[in-house]
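Here is a short briefing on one protein chain. Take a look at the model first, then read the points below.

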Amino acid sequence: TKKGDPNRLIAAMKEAVAVSPKNATRQVTLGKVLMEKGMTGEAEKAFKYAVVAEPHNSAALMEIWEILLGKDMDKEAAEYFVKVSKINPEDVHVYNRLGIAFRKQGKFMEAIDEYKKALLLDPQDENLYYNMGRAYLEAALQEEAVVNFRKALECNPDFSEAGQILSEIEATIPG
């Protein structure tokens, strides 16, 4: 077999996991390789074993939800976000990523709630205002979206994405 052969890598990872099944990092690595090979069911089992092995390993949980988000498995990813947010209730990144996952699922108000929690922890984060503006815009709440894009620009006047989307919205407003 050639170097970097995914089947060989999966076999090696399965051996490593068999030696120490309670090692969350190995389970996550196995799950990632399985996911890349299209073996979603087996990957999800490995992720579940990782959580059972080390339920408070927030780094492993965050890696799992990043992998799931990367595969557009937003609903599954949201479960891991919730677990991480319970471990790290002060982590702005967790709330932001959970908001993004909810937004991708079309759950705009849930996304907005997560961005608001994050803004309580970091009220000067322009990315949070931008993401909340996008959620409002996708929820067809244009006025609230405009307010948030303007707040993003107040925090960072050079935030070109916020400026561009705000210009596009304002160009559609009559008068």
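Helices (H or I, at least four residues) and strands (E, at least two) are DSSP runs, numbered from the N terminus. By that definition, Tyr130 is in helix α8. This is a predicted model: local features need pLDDT of at least 70, side-chain atom pairs count only at pLDDT 80 or more, and totals for chains, interfaces and linings use all residues. Residues are numbered from 1 along each chain as its sequence is written, and side-chain values use heavy atoms, with hydrogens and water left out.

**Overall build**

- The protein has 10 helices and 0 strands.
- Read along the sequence, the pattern is α-α-α-α-α-α-α-α-α-α.
- The C-alpha trace spans about 65 × 35 × 25 Å along its principal axes.
- The radius of gyration of the protein is 20 Å, while a compact globule of 175 residues would have one near 16 Å. This radius is taken over C-alpha atoms, and the globule rule is 2.2 Å times the number of residues to the power 0.38.
- Buried residues make up 42% of the 175 residues. Buried means under 20% relative accessible area, exposed means over 50%, and partly exposed is in between (1.4 Å probe, protein chains only).

**Aromatic rings**

- A pair of aromatic rings is described by the distance of the centres and the angle of the planes.
- Rings of Phe, Tyr and Trp (its six-membered ring) pair if their centres lie within 6.5 Å; planes under 30 degrees apart count as stacked, over 60 as edge-to-face and the rest as tilted.
- By this rule there are 2 aromatic pairs.
- Tyr130 and Phe149 have ring centres 5.7 Å apart and planes at 55°, so this pair is tilted. It links distant parts of the chain: Tyr130 is in helix α8 (residues 126–138) and Phe149 is in helix α9 (residues 142–155), 19 residues apart. Both Tyr130 and Phe149 are buried.
- Tyr130 and Phe159 have ring centres 5.1 Å apart and planes at 40°, so this pair is tilted. Tyr130 lies in helix α8 and Phe159 in the loop between α9 and α10 (160–172), so the pair ties together parts that are 29 residues apart in sequence. Both Tyr130 and Phe159 are buried.
- Ring pairs link Tyr130, Phe149 and Phe159 into a cluster.
- Tyr130 counts as buried because its relative accessibility is 13%.

**A charge over a ring**

- The charged end of Lys83 sits over the ring of Tyr80, 5.2 Å from its centre. A charge sits over a ring if NZ of Lys or CZ of Arg is within 6 Å of the ring centre and within 35 degrees of the ring normal.

**The largest pocket**

- On a 1 Å grid over the protein atoms alone, a pocket is an open set of points where a 1.4 Å probe fits, with protein on both sides within 12 Å along at least five of seven lines; lining residues have an atom within 4 Å of a point.
- The largest pocket holds about 170 Å³ of space. Its volume is the space filled by probe spheres set on the points, and grid points are joined across faces, edges and corners.
- The lining has 13 residues, of which Val17, Gln27, Lys45, Ala46 and Tyr49 lie nearest the pocket centre.
- Two or more lining residues come from each of α1 (6–19), α2 (24–36) and α3 (40–53). The largest share, 6 residues, comes from α3.
- The lining divides into 8 nonpolar, 1 polar and 4 charged residues. Ala, Val, Leu, Ile, Met, Phe, Trp, Tyr, Cys and Pro count as nonpolar, Asp, Glu, Lys and Arg as charged, and the others, Gly among them, as polar.
- Lys45 is in helix α3. Lys45 counts as exposed because its relative accessibility is 54%.

**Positive phi in loops**

- Most residues other than glycine have a negative phi.
- Asp72 is not a glycine, yet has a positive phi of about 55°. Asp72 is in the loop between α4 (58–70) and α5 (74–87), and is exposed, with a relative accessible area of 60%.
- Ala140 also has a positive phi, near 65°. Ala140 is in the loop between α8 and α9, and is exposed at 66% relative accessible area.
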